[in-house]
Amino acid sequence: MHTNSVSLFEDALSNPTAAFPSQHLRAEDEVSENTRLTSIQWQRFSVPFEYPVAFTHGLFRQQNPLLVEMLSLHKEEKQHRCLIYIDDGVATAQPDLVERIQNYFKAHASRMKLVEPPQVVPGGEQIKICPSQVIAAQKAIHRLGVDRHSYVIAIGGGAVLDAIGFAAATAHRGVRHIRVPSTVLSQNDSGVGVKNGINFNGVKNFMGTFAPPWAVLNDLTLLESLDRRERIAGIAEAVKVALIRDKAFFDWLEANVEKLKAFDPEAEETMIRRGAALHMRQIAHGGDPFEQGSGRPLDFGHWSAHKLEALTGHEVHHGEAVAIGIALDARYSVLAGLLPPGEELRIVELLEGLGLRIFHPQLIEPTSEGEPAILAGLREFQEHLGGELTVTLLSGIGQGIEVNTIDDKRVMESIAWLQAREDSDATAQ
Ligand SMILES: NC(=O)c1ccc[n+]([C@@H]2O[C@H](COP(=O)([O-])OP(=O)(O)OC[C@H]3O[C@@H](n4cnc5c(N)ncnc54)[C@H](O)[C@@H]3O)[C@@H](O)[C@H]2O)c1
Ligand SMILES: [Zn+2]
């Protein structure tokens, strides 16, 4: 086809009149005439993407050169213009952060400049449920003359990074964007990837783009102010990626539950670095960084998680919902004959050991038609991905496997198993 189109193109160049139809065609001419009417030229180019994912302690300590260096990755010797957004959860828990940032900019004034004082934006899902913050950020980018060689820097959890990342990706068709993830989840998962977005019409992540960031700067000291609930919930994404890709990491997580629960700094950093590296490897080498196919291995455990978040009005947070989704799909994998029986116990024990729930009553709530509402999550998952339904399950620990059908009855059996397990644990206590 390609060769053919090239020859059509060459034909048209050597004989331009052939591209125009003649008034009177003989029947035997029609086929070749039609072929001449249509010519296809294939446009083809590839753009290599690369961006640094750095790990540091104390990003805004004046002696820490990381941020300044990241602004000059292209060796542009000038005073770089930056617009900074901070998650209000971080700003409230770390009241001196704004001042520390301003002092950092003052200390490096020849290389960087704040176009206005750092702006505090609502943290958590609040920023994603309506487009107002995205529009406000785009207006600010316009008003302050932030161009495509300036930087929009977002400091916050996955939700703030998603929303501000979307604003940066769409203003001027893409302003340089630096992510400074401030939760365990965003440092080991969402922050290192290529997606952004907000919810729209009640559908999670409906509006968004694939836009690789300029840089990702993981500052582990930012996590110190994160509350226990979020700090634990984010580990679910590390469990997820270990389960589909890396058995040794899963074994390590099992062996380090107590340290992880106690936020032992070394264990937490190892978990985050390895989780981030696995997510990065999947994006770079999984063959589909912009998710054009139907499969999405990194969304193991997510079809039900996204639905559960919506059904509970985000009272169940993303990482918590992912833990439940992992437990559900692990049990389902056993019932489907894919995962050896008993392996799902190791998985739920790890999640429970970390203090994560594996069941929520909304999993069995019916719709007005009497169907379990959670099952609509499968249809929505398929719609979001496009193409045929593709769900990642497990054929072993560290081994994801894609399937194209999910049996509703088996889903409900898996949920019943999770409920029975949680009920018996509650009785035992
Ligand atoms: N783009 C992607 O590829 C991708 C992947 C996974 C998840 N996500 C999205 O990420 C979001 C979840 O992100 P999350 O788990 O990071 O949580 P989050 O962004 O919802 O933040 C949770 C809470 O923690 C607060 N907070 C954040 N950092 C803090 C800190 N250092 N100290 C004190 N409080 C802090 C926030 O204000 C918020 O109240 C969801 O919207 C999810 O859809 C995106
Ligand atoms: Zn997730």
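Which helices and strands each supply at least two residues of the shell around ligand 1? Please keep that question in mind while I say a few words about the model itself, which is a predicted one.

The protein averages a pLDDT of 91, and 92% of the residues score at least 70. Over residues 1-13, however, the pLDDT is below 50, and this stretch has eleven contacts in the model beyond its near neighbours in sequence. The pLDDT also stays under 50 over residues 16-22, where the model has seven contacts beyond four places in sequence. Where pLDDT is low, the predicted coordinates should not be read in detail.

Now to the ligand, and to the opening question. The elements that each supply at least two residues of the shell are α4 (88-93), α7 (158-170), α8 (184-188) and β8 (203-207). There are 26 residues around ligand 1, and those that come nearest are D87, G158, S182, T183 and S225. If we sort the shell by class, we find six nonpolar, twelve polar and eight charged residues.

Let me turn to individual atoms. G158, which is among the nearest residues, places a backbone N or O atom 2.8 Å from an oxygen atom of ligand 1. K195 takes part through its backbone, where a polar atom is 3.3 Å from a nitrogen atom of ligand 1. As for how far the ligand is covered, ligand 1 taken alone exposes 870 Å², and the protein buries 87% of that.

How values were computed:
Residues are numbered from 1 along each chain as its sequence is written. Chains are lettered from A and ligands numbered from 1 in the order in which they are written. This is a predicted model: local features need pLDDT of at least 70, side-chain atom pairs count only at pLDDT 80 or more; totals for chains, interfaces and linings use all residues. Side-chain values use heavy atoms; hydrogens and water are left out. pLDDT is the predictor's confidence in each residue, from 0 to 100. Contact means heavy atoms within 4.5 Å. A residue is near a molecule or strand if one of its heavy atoms lies within 4 Å of it. A polar contact is a pair of N or O atoms within 3.5 Å; within protein, one must be able to donate a hydrogen and the other to accept it, and residues adjacent in sequence count only if both atoms are side-chain atoms. Accessible areas come from the Shrake-Rupley method with a 1.4 Å probe; for residues, only the protein chains shown count as cover. Helices (H or I, at least four residues) and strands (E, at least two) are DSSP runs, numbered from the N terminus. Ala, Val, Leu, Ile, Met, Phe, Trp, Tyr, Cys and Pro count as nonpolar, Asp, Glu, Lys and Arg as charged, and the others, Gly among them, as polar.
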